Amino acid sequence: MSSIAGNPDTHSHDHHDHGHAPTGLARWLFTTNHKDIGTLYLIFSLIMFFIGGAMAMVIRAELFMPGLQLVEPDFFNQMTTMHALIMVFGAVMPAWVGFANWMIPMMVGAPDMALPRMNNWSFWILPFAFTMLLSTLFMDSGGPAAGWTLYPPLSLQTGDSFAFVVFAVHMMGISSIMGSINIIATIMNMRAPDMTLMRMPLFVWTWLITAYLLIAVMPVLAGAVTMLLTDHFFATSFFNAAGGGDPVMFQHIFWFFGHPEVYIMILPAFGVVSQIIPTFSRKPLFGYNAMVYATASIAFLSFIVWAHHMFTVGMPLQGELFFMYATMLIAVPTGVKVFNWVSTMWKGAMTFETPMLFAIGFVVLFTIGGLSGLMLAIAAADLQYHDTYFVVAHFHYVLVPGAVFALMAGAYYWLPKWTGNMYSEKWGKIHFWLSTIFVNVLFFPQHYLGLAGMPRRIPDYSPQFADFNMWSSIGGFAFGVTQLIFVGVIIHCVRGSKAKATDQVWEGARGLEWTVPSPAPHHTFDTPPVLDHATWEHGNRESH
Amino acid sequence: MPQDANIQQRRAAARKTAWLLAVVVVAIFTTFVLSGVLGKA
């Protein structure tokens with residue numbers, strides 16, 4: 001495939017460094033290069049994935065059998081809270097920003113992100129934010145234990161460490177906002193001349209919409225936790241009923257942020273899967289335009305469904321009906337996406353390399369999470385499901401074999417481009433199959449536990465829940481150990497496996513990122529590339 | 001137009017976009033906190 005005409009310059013630009021590029025620690029501290037910063041984000045999120053995972057192991061170990069065995073109840077609650085905060089803000093979100101940093105400039109033909117120095121700052125805030133958050137576990141008052149939703153009045157009973165939690169959330173928010181501003185500015189202003197919006201790869205589209213979501217909702221979270229902070233330390237009563245405040249108002253504000261946040265974690269996953277499935281089906285994406293509009297529809301709807309998280313709080317019937325139907329409406333654009341992924345595969349010349357396996361695993365298992373979401377959307381039924389393990393099963397299906405599988409898929413897909421080496425296909429497939437088996441052993445029994453009435457966020461439970469909990473814990477430990485394979489595959493690939501990657505890497509791959517050498521040089525597209533038809537052929541109308 | 005100038009122009013436009021978005025962020029934050037403060041007044 002030849003996509004760049006008359007631009008031999010686009011390939012290697014090491015001459016720009018003139019030998020002055022910093023090395024060692026200074027390179028990583030002061031880097032403004034989008035690929036370096038992408039790598040930093042990805043390494044950081046992998047570390048956070050294991051820290052948050054270790055907390056999940058504590059939770060599953062305690063729940064292995066009824067009774068209190070290993071940890072105090074308050075510490076158990078700190079684990080559930082910190083596990084969620086770390087996985088959401090420290091693992092999944094930074095991982096997507098890492099992918100965005102690495103891939104968006106290359107996909108749109110830009111030399112770098114629009115604001116490279118702010119890009120450096122966006123990343124380097126994060127280690128400090130999470131050090132501060134994790135440090136609360138070692139303070140006298142302990143870490144936050146009220147759940148990641150930080151509902152008052154319970155969250156206001158946290159000791160002095162609460163200030164650290166709030167400031168950590170502020171810093172994560174600032175990092176996310178700066179990252180999103182950079183992504184929007186890059187996509188809107190830095191595209192190669194011929195890269196029109198409707199020629200952009202789906203991953204770029206989904207990230208553009210995600211970035212707008214972040215811009216809209218992170219300040220809302222910042223406002224909510226600031227008000228919590230003043231309630232806690234400055235005797236205000238925004239949410240304190242004793243002072244005339246309204247704790248339910250916090251729930252409304254939190255979920256006005258919180259529901260779009262769910263889509264912030266999953267829309268880039270839709271984008272990655274929409275890149276991978278056409279590649280390994282050797283067909284253009286079915287319904288490119290519909291995919292773009294479906295993504296935008298999901299983003300819009302995410303702003304008008306927040307109260308489905310609080311059906312049991314006591315709302316007017318009309319309110320419950322509105323939020324129930326609005327939530328169900330999300331199934332339509334999501335269904336369009338699943339239909340289009342399946343239609344892309346239909347009659348394709350499919351092969352099943354590791355990225356494709358993870359992408360197909362995503363489509364099947366994410367859909368299970370979506371369907372249990374529809375069950376939860378039924379306001380009357382939610383009175384039974386609310387605050388049970390059914391909810392835990394639902395969102396973990398969406399986030400683990402959903403978002404995390406898409407992250408794995410993307411990592412395997414682009415790893416050869418990043419490193420110049422092919423990963424071990426054999427170990428990649430072992431990683432996929434063990435992950436798929438154990439993620440279901442881990443989370444599927446939790447549906448039954450929830451339907452039987454086991455509440456979430458408790459360290460002890462009635463003996464009738466023992467068997468399913470034991471299975472869930474076994475699945476959890478095995479899933480955790482399986483992820484070490486992933487680390488092994490990455491290290492092996494980075495250090496240089498025998499198989500070297502070609503520039504295009506995958507036979508069916510289309511797009512600008514596959515036109516540069518593997519590994520991608522430090523600088524790419526200093527001169528904007530000239531696009532040819534094959535580069536932007538996504539299956540949209542213009543291409544036929 | 002030389003490509004470099006084009007890149008400079010695009011970077012300048014990107015900075016404008018960034019400032020605009022920063023103003024939007026501050027406006028949303030202020031609106032939510034102020035509505036809380038005024039709601040309590």
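Where in chain A is the place of A:Ala307? The legends below start with that residue; the model shown is predicted.

**Figure 1. A:Ala307 and its contacts.** The residue sits in the loop between helix H8 (288-301) and helix H9 (317-329) of chain A. A:Ala307 counts as buried because it has 22 C-beta neighbours inside 10 Å. Leaving aside residues up to four places away in sequence, A:Ala307 touches A:His252, A:Trp255, A:Met315, A:Gly319 and A:Phe323. A:Thr436 is 129 residues from A:Ala307 in sequence, and the two C-alpha atoms are 32 Å apart in space.

**Figure 2. Helices H3 and H13 of chain A.** Helix H3 covers residues 73-108 and helix H13 covers residues 389-419. Their axes come within 11 Å and cross at roughly 30°, which means that H3(A) is roughly parallel to H13(A). The crossing of these two helices is left-handed. From H3(A), the residues A:Val92, A:Ala95, A:Phe99, A:Trp102 and A:Met103 take part; they meet A:Leu399, A:Ala403, A:Leu407, A:Gly410, A:Trp414 and A:Trp418 of H13(A). By class, the contact of H3(A) with H13(A) has ten nonpolar residues, one polar and no charged.

**Figure 3. Helices H4 and H5 of chain A.** The axes of helix H4 (residues 116-135) and H5(A) come within 8 Å and cross at roughly 160°. H4(A) is therefore roughly antiparallel to H5(A). H4(A) passes H5(A) in a left-handed crossing. Residues of H4(A) in this contact include A:Trp121, A:Ile125, A:Phe128 and A:Met132. Among those of H5(A) are A:Phe164, A:Phe167, A:Met171 and A:Asn182. The contact of H4(A) with H5(A) has 16 nonpolar, six polar and no charged residues.

**Figure 4. Where chain A touches chain B.** Here 24 residues of chain A are in contact with 18 residues of chain B. On the side of chain A, the elements that give two or more residues are helix H5 (162-189) and helix H6 (202-233). H6(A) gives the most, with eight residues. This side of chain A has 18 nonpolar, six polar and no charged residues. The secondary structure of chain B comes to one helix and zero strands. Chain B has 41 residues, of which 20% count as buried.

**Figure 5. Two cis peptide bonds in chain A.** One cis peptide bond joins A:Pro152 and A:Pro153, with omega about 5°. A:Pro153 belongs to the loop between H4 and H5 of chain A. Another joins A:Ser518 and A:Pro519, with omega about -5°. A:Pro519 is in the loop between helix H15 (466-494) and helix H16 (533-536) of chain A.

Figure 6. A:Lys347 is not a glycine, yet its phi is positive, about 60°. This residue lies in the loop between helix H10 (331-345) and helix H11 (354-377) of chain A. A:Lys347 is exposed because 9 other C-beta atoms are within 10 Å. A:Arg457 is not a glycine either, and has a positive phi of about 55°. The loop between helix H14 (425-451) and H15 of chain A holds A:Arg457. With 15 other C-beta atoms within 10 Å, A:Arg457 is partly exposed.

**Figure 7. Confidence along chain A.** The average pLDDT of chain A is 93, and 94% of the residues score at least 70. Over residues 1-18 of chain A, pLDDT stays under 50. The model has 37 contacts beyond four places in sequence for residues 1-18. Over residues 540-544 of chain A, pLDDT also stays under 50, and the model has seven such contacts beyond four places in sequence.

Technical notes. Residues numbered from 1 in each chain as written. Chains lettered and ligands numbered in written order. Predicted model: local features only at pLDDT ≥ 70, side-chain atom pairs only at ≥ 80, totals over all residues. Axes fitted to C-alpha atoms, helices over the stretch in contact; angles between N-to-C directions. Helix = DSSP H or I, 4+ residues; strand = E, 2+ residues; numbered from the N terminus. Parallel < 35°, antiparallel > 145°, perpendicular 65-115°, else oblique. Left-handed = near helix turned anticlockwise from the far one by under 90°. Contact = placed C-beta atoms within 7 Å. Nonpolar A, V, L, I, M, F, W, Y, C, P; charged D, E, K, R; others polar. pLDDT = per-residue confidence, 0-100. Buried ≥ 20, exposed ≤ 12 C-beta atoms within 10 Å, placed from the backbone.
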